[in-house]
Amino acid sequence: MLGFLVRLLPFWIREPLIILVGTVFGVRILFMALVDGEGWVPAVIGAVFLLGAALRVRVVVHALRARRRRAPATEAELEPVTPAPVTPAVRRPVEKKPNAFAQASFAIGLFAVIGGALWIEGKLPEDGTAATGASRPAACRLDEDEELPSAYRSTPGVVTGADLCRALNRTELPELLGTPAERSVYASGTDNTAPLTDRKVAQPEARVEFETYTVELSATYNKLTVAQYAKLTTYGDGRDARKLTVLGRPALLTSDHMMKIQFDLGSGEGASGPVEQGPLARTLTVAFDGKDRGGSYDLTVWSEAGLLPDDSALVDIAEAVLPRITRGARDQD
């Protein structure tokens, strides 16, 4: 659309504008590449802009030279011409030549409007919430066509991975993590079952990834209470375990390392290997209800760099997310 509007402009207005815009963009992008250290790709793009502006300058120079050059009169033009009979002149309406000043004003105004629109678009928040300024999170990836395991149909009140993802993938999540400038780059919900249960225990999961942290929320519909789980941690390395109450329910904070597995998919670039110890993760386990009658939510946060947020951040996330978990449109009965 912009190229079509530019082609409508007269040559002596269009070409200087293209030269001006190409030069400004080229110099700016080269400055970003050479001074700000943005890399070689912006440097190539800036050089292309400047090259295009230089070619346009050459076109304008050739046009000016052709305009100034006058062709000499030929002998046929110098021979006397017998005057033709005089016929009464027919008055024709005078054709108005386009106003160069008006055309230039229109072109400048057009570029100003386009530049202003682009500037305003860059200032507006992506989801239209000018009050919060939060950016739109990544959409949840779901397996809509996959049939639910039988454990979901036999468990009353069970939620799915889609329900957990809707509750977890919120615009305020980066602020709760202490990284308000980030936005989620990946989000998913899966309808899994708990391991070593012969697919009889529903365990839906949701994951939201940021540049700094990854957050995972799961729900396990078993008979294990948080109090029983706290006793199990005493038999292992439970130095970082801490009991607390969240939303009036028993809760437990624990730390453990993630697992790192490498597979060789036949590309020849890597080799399969044993399970390795991944980064340290912090998990907040919260009972389904205040009476702790079995089953719990697990909220886990980790990062590839080994960073962990404060425990208060996990509590804030649980208090913001857990009350919003509701069953969606999928029929669980």
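D198 sits in the loop between β2 and β3, strands being DSSP runs of E with at least two residues and helices DSSP runs of H or I with at least four, both numbered from the N terminus. The model is predicted, so local features need pLDDT of at least 70 and side-chain atom pairs count only at pLDDT 80 or more, while totals for chains, interfaces and linings use all residues. Residues are numbered from 1 along each chain as its sequence is written, and side-chain values use heavy atoms, with hydrogens and water left out.

Although D198 is not a glycine, its phi is positive, at about 55°. D198 is also exposed, with a relative accessible area of 63%; here exposed means over 50% relative accessible area, buried under 20%, and partly exposed in between (1.4 Å probe, protein chains only). The loop between β2 (186-193) and β3 (202-209) holds L196 as well. L196, another residue other than glycine, has a positive phi near 60°, and with a relative accessible area of 91% L196 is exposed.

Turning to the cysteines, a search of the whole structure finds one disulfide, defined as a pair of cysteine sulfur atoms within 2.5 Å. The partners are C140 and C165, whose sulfur atoms lie 2.0 Å apart. Their link is left-handed, with -95° about the S-S bond. Because C140 belongs to strand β1 (residues 140-142) and C165 to helix α7 (residues 161-168), the pair ties together parts that are 25 residues apart in sequence. C140 is partly exposed, at a relative accessible area of 25%, whereas C165 is buried, at 0%.
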